[in-house]
Amino acid sequence: MKLTVIGCGHLGATHAAALAELGHQVLGMDTDPAKVAALNQGRAPFVEPGLNDLLAKHTAAGNLRFTTSCTEAAAFADLHFLDVGTPQQTGSSAYDLTQLRTAVRHLAPLLDDGALIIGRSTVPVGTATQLRHLLDEHLRDGVRVRLAWSPEFLRESLAVQDTLRPDRIVLGLEDGDTTGEARFRAVHADILATGTPLVVTDLPTAELIKGAANAFLATKISFINLMAELCEHTGADVRHLAHALGHDPRIGTAGMRPGLGYGGGCLPKDLAGFTHRAEELGTDTGLLREVASINQRRRERTVALAHELLGGDVTGRRIAIWGAAFKPGTDDTRDSPALAVADTLQRAGAEITIHDPAALENARRAHPQLTYAESPIRALTDADLLLHLTDWPQYAAQDPSALARHVAAPVVIDARGTLDANRWRTAGWSFHALGRR
């Protein structure tokens, strides 16, 4: 099938490459010429494991290409996926739907009768209804198009896997649109043949599912971090607590990793946007607001522990930080807990040096006032304290005995809970972790 993907950021570029892998002819469209040029050369302008291989494979084969022309995209196919960004509004928790509405306004007058538009962007409930009105205003006379919604559930650093081997696919349809469902099933035939569940529902439910999923995930993360706070007060070990809870099939282990909390460009934004829309509709969101508050407290606790270990004053003290990305496997530093902690300590007078295997360039742009190092050892040279804030596997593999020779004081805070405490203590380090011994 011929398909287009409108919007080729992290979501859209991965989606376009995955659709090509499924055997379709795909044209990606984005308004950023530099991004389009990079993608046509078979490389993504961001870090996502496995994506460059797919891009190179299918751009070379000729079944995947990218353009800046909306006219070309409309002429290429009659099935269009909307993967444009929906960032947070400046000064508000609400979603900014400007890019989405702009894409629809530009695309609508170019569409032929019978075209199908499938939204993938994360949006507040009610957006599809608004876009239906917008489409009808800008379509040419006599042209009717179908509108559906299939929210994405990608995890950065696992986006290729999540697109080609998803846990489930959701499709929201306008009433009675069996044709739209049939075409959608044809696009995803290979995935559905493996047994992946397809949940077919109405448009409002499809819009709500993504926000509800992220709100529940954030709740699980904040719940186990609340338990970590309790463990710190009682001397209990949150790792053992989480392990025991995870054996309950009603709870499970997924998302139950205590530590510095969640960040990134999606989960915090989606929780805030979901909460904002729920409050607009008159729903009490006290639970979700507390989820966000607990997540913020993890950052504050890490800063407080650093002050405590350095005698109550970090002024002039050298602090090494391992990690700048919000999670391993990506160069994304949006709402990075690691950089939030680094920035807070730097403003308190500490001398901060940061290492990250992939995100240094993005970190420098976002926080030019901080100092960066090209290796973990260079970051901690002469440091009074080491903070482990992004759990890249490279850090857990470091030899703490060798590292101890480079620091001013062998003191470490493992805020991600993935360092071997016994190994580090045996090597002479004063080892501290959130919610564990």
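## Questions about a predicted fold

Biologist: In this predicted model, does Gly-264 count as buried or exposed?
Modeller: Gly-264 has 5% relative accessibility. Buried means under 20%. Because 5% falls under that cut-off, Gly-264 counts as buried.

Biologist: Where is Gly-264 found, and which residues does Gly-264 touch?
Modeller: Gly-264 is found in the loop between helix 11 (238-246) and helix 12 (267-280). Leave out residues up to four places away in sequence, and the residues Gly-264 touches are Phe-326, Arg-334 and Asp-335.

Biologist: What separates the C-alpha atoms of Gly-264 and Asp-335?
Modeller: Along the chain, these two residues are 71 residues apart.

Biologist: What is the order of the strands in the open sheet?
Modeller: Eight strands form this sheet, and the pairing is mixed. The edge strands, each pairing on one side only, are strand 3 (64-67) and strand 8 (198-202). From one strand to the next, the twist averages 25 degrees. The order is 3-2-1-4-5-6-7-8.

Biologist: In which sense do strand 1 and strand 2 pair, and which residue stands opposite Leu-3?
Modeller: Strands of a sheet pair through backbone hydrogen bonds, either parallel or antiparallel. Strand 1 (residues 2-6) and strand 2 (residues 25-29) pair over five bridges, in the parallel sense.

Biologist: Which strands does helix 1 touch?
Modeller: Helix 1 (residues 10-21) packs on the sheet. Its direction makes about 170 degrees with that of strand 1. The strands touched by helix 1 are strand 1, strand 2, strand 3 and strand 4 (79-82).

Biologist: Why do the buried residues of helix 8 line one face?
Modeller: The buried residues of helix 8 (residues 178-187) are Gly-180, Glu-181, Arg-183, Phe-184 and Val-187. Seen down the helix axis, they line one face because they fall within an arc of 165 degrees.

Note on methods:
Residues numbered from 1 in each chain as written. Predicted model: local features only at pLDDT ≥ 70, side-chain atom pairs only at ≥ 80, totals over all residues. Heavy atoms only, no water. Buried < 20%, exposed > 50% of the residue type's maximum accessible area, 1.4 Å probe, protein only. Helix = DSSP H or I, 4+ residues; strand = E, 2+ residues; numbered from the N terminus. Arc of directions from axis to C-beta. Pairing = 2+ DSSP bridges. Axes fitted to C-alpha atoms, helices over the stretch in contact; angles between N-to-C directions. Contact = heavy atoms within 4.5 Å.
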